[in-house]
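Reader: I'd like to learn how to read a few features of a model. Could you take me through them one by one?

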Amino acid sequence: MATMRTPIESGVPDNKQFLHPLMLRNYGNWKYHDRPRPGVLHHVAHSGDEIWTVRAGTQRQMDVYTVRKLCDIADQFADGHVRFTIRSNIEYMVSDPARVEPLIGALTGAGFPVGGTGNSVSSIAHTQGWLHCDIPGTDASGAVKALMDDLHAEFIKEEMPNRVHLSTSCCEINCGGQADIAIVVQHTKPPKINHDLVANVCERPSVVARCPVAAIRPAMVNGKPSLEIDESKCMCCGACYPPCPPMQINDPESSKLAIWVGGKNSNARGKPTFMKMVASGLPNNPPRWPEVSAMVKKILYTYKEDARSWERVSDWIERIGWPQFFEKCDLPFTKYLIDDWRGSRASLNASTHIRF
Ligand code: SF4
Ligand code: SF4
């Protein structure tokens, strides 16, 4: 007799146990879907079943009271089922069209904007920041909140040429993803080493091994084992800071923000693309980051004005060319921007289609 496989204690749980019963019944058997209004998806199954999904923006990092409020709305106005999208939007599913409007009313009444579907500016995907990571050079969620306050109108409408995905990353090396427009922290000076702490806190060989340009060497300083940096090699990536916090790279003056554009993961209408840096050295200026917001809005609204229907930011730039992009967005061009590495033709060959 076949024996059941023992459950694995790690990894993603089977999502079927959490699905709305109507979705479970029609799993893999959908005929078509449309969008009756911004923020609402309507799916029709081959069986004739229909389901409406209402999408609302959240602040991603939520306190328990906010989570309870969202769950109460699910219990009262939906069928008690919710799911989160990768951009931290929350979605409620209902099987009766008459329940869509009251649900929208409850969400907007509680301060959660309904939108983020189709050709809108969806919520900004942002990395975890101070709350949950040991490397951040900035507060990603703060910059997101400030920017989405300004872009609220573009979240609740679908008036962009195509969907616009924004992201923020609070270090230069890890979990921020590709986006049409991205805000990425940018360290501009090598780390300052606190030599009194290195011997007690850091495993020196692993710090030396971590540097991608071999700029770190073991050294004796004041009679104690420590490290030294060849500053002419250091590219200020911040990779040495996580394994060795005494190599402090965050700095209120020299840690800046940069804007990258033209990335996308999707294969629709064109292959996936990597984003490229188009503005650097913007001040990391909490609590509202006005310089960053102004630059993102300048690029976003130039794209909105100039792009053809269905062009993503990368398609638009591909059509008009980089010189036109910098001219139209009033951005100064320097030799440090875009990607001038001669091997980039291969590295940017990012299609998931197989070629020989
Ligand atoms: S982007 Fe970097 S610092 Fe921010 S959460 Fe991810 S790994 Fe941590
Ligand atoms: S910041 Fe990056 S390049 Fe500079 S020493 Fe640290 S790991 Fe090396």
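Reader: Is N222 buried or exposed?

Author: Buried means under 20% relative accessible area, exposed over 50%, and partly exposed in between, using a 1.4 Å probe and protein chains only. N222 is exposed, because its relative accessible area is 70%. Before we go on, this is a predicted model, in which local features need pLDDT of at least 70, side-chain atom pairs count only at pLDDT 80 or more, and totals for chains, interfaces and linings use all residues. Residues are numbered from 1 along each chain as its sequence is written, chains are lettered from A and ligands numbered from 1 in the order in which they are written, and side-chain values use heavy atoms, with hydrogens and water left out.

Reader: Where does N222 lie, and what is its phi?

Author: Helices (H or I, at least four residues) and strands (E, at least two) are DSSP runs, numbered from the N terminus. N222 is in the loop between β10 (216–221) and β11 (224–229). Its phi is near 50 degrees, a positive value in a residue other than glycine. S88, not a glycine either, has a positive phi of about 65 degrees and lies in the loop between β4 (82–84) and β5 (89–94). S88 counts as buried, because its relative accessibility is 13%.

Reader: Which peptide bond is cis?

Author: Look at the bond from P286 to P287, where omega is near 5 degrees. P287 is in the loop between β14 and α8.

Reader: What does N119 touch?

Author: Contact means heavy atoms within 4.5 Å. Leaving out residues up to four places away in sequence, N119 touches R35, K157, E158, E159, M160, P161, N162, R163 and W310. N119 lies in the loop between α3 (100–109) and β6 (125–126), and counts as buried because its relative accessible area is 11%.

Reader: How should I read a nonpolar core?

Author: In soluble globular proteins, nonpolar side chains tend to be buried together. A nonpolar core is a set of buried Ala, Val, Leu, Ile, Met, Phe, Trp, Tyr and Cys residues joined through side-chain atoms within 4.5 Å. Here the largest has 38 residues, of which L166, I259, V261, I299, W316 and F325 touch the most other members. Among the elements that each supply at least two residues of this core are α4 (140–150), β13 (255–261) and α9 (313–320). The most comes from α8, with five residues. V261 has contacts that include I181, V278, I299, I317 and F325, not counting residues up to four places away in sequence.

Reader: Which residues surround ligand 1?

Author: A residue is near a molecule if one of its heavy atoms lies within 4 Å of it. Around ligand 1 are T127, Q128, G129, C133, I135, P136, C170, C171, N174 and C175. Ala, Val, Leu, Ile, Met, Phe, Trp, Tyr, Cys and Pro count as nonpolar, Asp, Glu, Lys and Arg as charged, and the others, Gly among them, as polar. That shell has six nonpolar, four polar and no charged residues.

Reader: How many residues surround ligand 2?

Author: There are 13, and the closest are C211, C234, C237, G238 and C240. By class, the shell around ligand 2 has twelve nonpolar, one polar and no charged residues.
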